[in-house]
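Let's take a walk through this protein together, with the sequence and the model side by side. Keep both at hand as you read.

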Amino acid sequence: NKEVEVETTPKQQQREPEKPVVPGEKEDAIVRALMVGNYEGAVEACMSAKRFADGLLIASLLGGDSWDSTCKAYMSAQPRPYMKLVQASMTGDWSIFVESRSPAAWKETLAALLTSAPPDQFESLLRTLASGLTRSGNEHAATLCYIAAGDMEGAVASWCKGALGPGAPVSALKSLMERAVVLGLGTGKGA
């Protein structure tokens with residue numbers, strides 16, 4: 001009797017025998033719920049155990065409201081700033097995104113709105129961003145946002161705050177009037 005030698009590849013040599021799974025926190029509750037087809041209960045058990053990926057996978061089987069509420073719970077539990085952008089994209093509620101952003105990050109906020117915001121909300125979201133920038137004292141950035149929103153009145157008001165102060169020269173007023181006329185003509189809101 002000759003013994004046959006079986007050649008093994010490096011992948012086969014590196015493979016270790018499967019280790020038994022050690023139940024984690026609330027593992028039993030998740031398994032019980034799944035075994036009886038209680039996917040909602042399994043999602044709840046996953047979320048309470050902070051096993052978000054598992055909860056999201058199970059919720060994807062249910063779809064609809066379960067998927068939506070699980071996604072919202074996950075996003076609420078994540079403090080990462082980019083999750084606000086993901087949430088706005090998923091829910092369509094961009095106003096919360098704009099209002100939660102720091103005025104110092106106005107360029108990034110504007111970029112996100114330009115690339116992802118729904119067209120029917122665009123102008124109002126830019127006005128919201130511009131208002132926040134005005135409150136923070138950044139008139140230049142506010143003016144740009146008002147212009148992008150096509151808000152002539154807001155842009156002119158912002159220009160006035162930035163350019164016309166006590167003792168401003170007549171040339172500043174003339175320059176402001178020229179800008180206002182050009183903006184009005186460009187937006188179709190001027191004569």
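This is a predicted model: local features need pLDDT of at least 70, side-chain atom pairs count only at pLDDT 80 or more; totals for chains, interfaces and linings use all residues.

Residues are numbered from 1 along each chain as its sequence is written, and side-chain values use heavy atoms, with hydrogens and water left out.

The secondary structure comes to 12 helices and 0 strands. Helices here are DSSP runs of H or I with at least four residues, strands are E runs of at least two, and both are numbered from the N terminus. Buried residues make up 31% of the 191 residues in the protein; buried means under 20% relative accessible area, exposed over 50%, and partly exposed in between, with a 1.4 Å probe and protein chains only. Contact means heavy atoms within 4.5 Å. Among contacts between residues at least 6 apart in sequence, 28% join residues at least 24 apart.

Now for the aromatic rings. Rings of Phe, Tyr and Trp (its six-membered ring) pair if their centres lie within 6.5 Å; planes under 30 degrees apart count as stacked, over 60 as edge-to-face and the rest as tilted. By this rule the protein has 2 aromatic pairs. One of them joins Phe 52 and Tyr 74 edge-to-face, at 5.4 Å centre to centre with 70 degrees between the planes. Phe 52 belongs to helix α4 (residues 52–62) and Tyr 74 to helix α5 (residues 64–77), so this pair ties together parts that are 22 residues apart in sequence. Phe 52 counts as buried at 15% relative accessibility, whereas Tyr 74, at 24%, counts as partly exposed.

Trp 94 and Phe 97 also form an edge-to-face pair, with 5.6 Å centre to centre and 85 degrees between the planes. These two are 3 residues apart in helix α7 (residues 94–100), separated by about one helical turn. An α-helix has 3.6 residues a turn, so residues three or four places apart point the same way. Trp 94 is buried at 2% relative accessibility, and Phe 97 is buried at 3%.

Let's return to α4. Its buried residues are Phe 52, Gly 55, Leu 56, Ile 58 and Ala 59, and they pack against α2 (27–35), α3 (39–48) and α5. What does Thr 70 touch, not counting residues up to four places away in sequence? Thr 70 lies in helix α5 and is buried, with a relative accessible area of 3%. Its contacts are Val 43, Met 47, Gly 55, Leu 56 and Ala 59. After α4 comes Gly 63, whose phi is positive, near 70 degrees.

Finally, look at helix α9 (residues 122–136) and helix α10 (residues 139–149), whose axes come within 8 Å and cross at roughly 165 degrees. Axes are lines fitted to C-alpha atoms, for helices over the stretch in contact, and angles run from 0 to 180 degrees between N-to-C directions. That makes α9 roughly antiparallel to α10 (angles over 145 degrees count as roughly antiparallel, under 35 as roughly parallel, 65 to 115 as roughly perpendicular and the rest as oblique). The residues of this contact divide into 11 nonpolar, 2 polar and 3 charged. Ala, Val, Leu, Ile, Met, Phe, Trp, Tyr, Cys and Pro count as nonpolar, Asp, Glu, Lys and Arg as charged, and the others, Gly among them, as polar.
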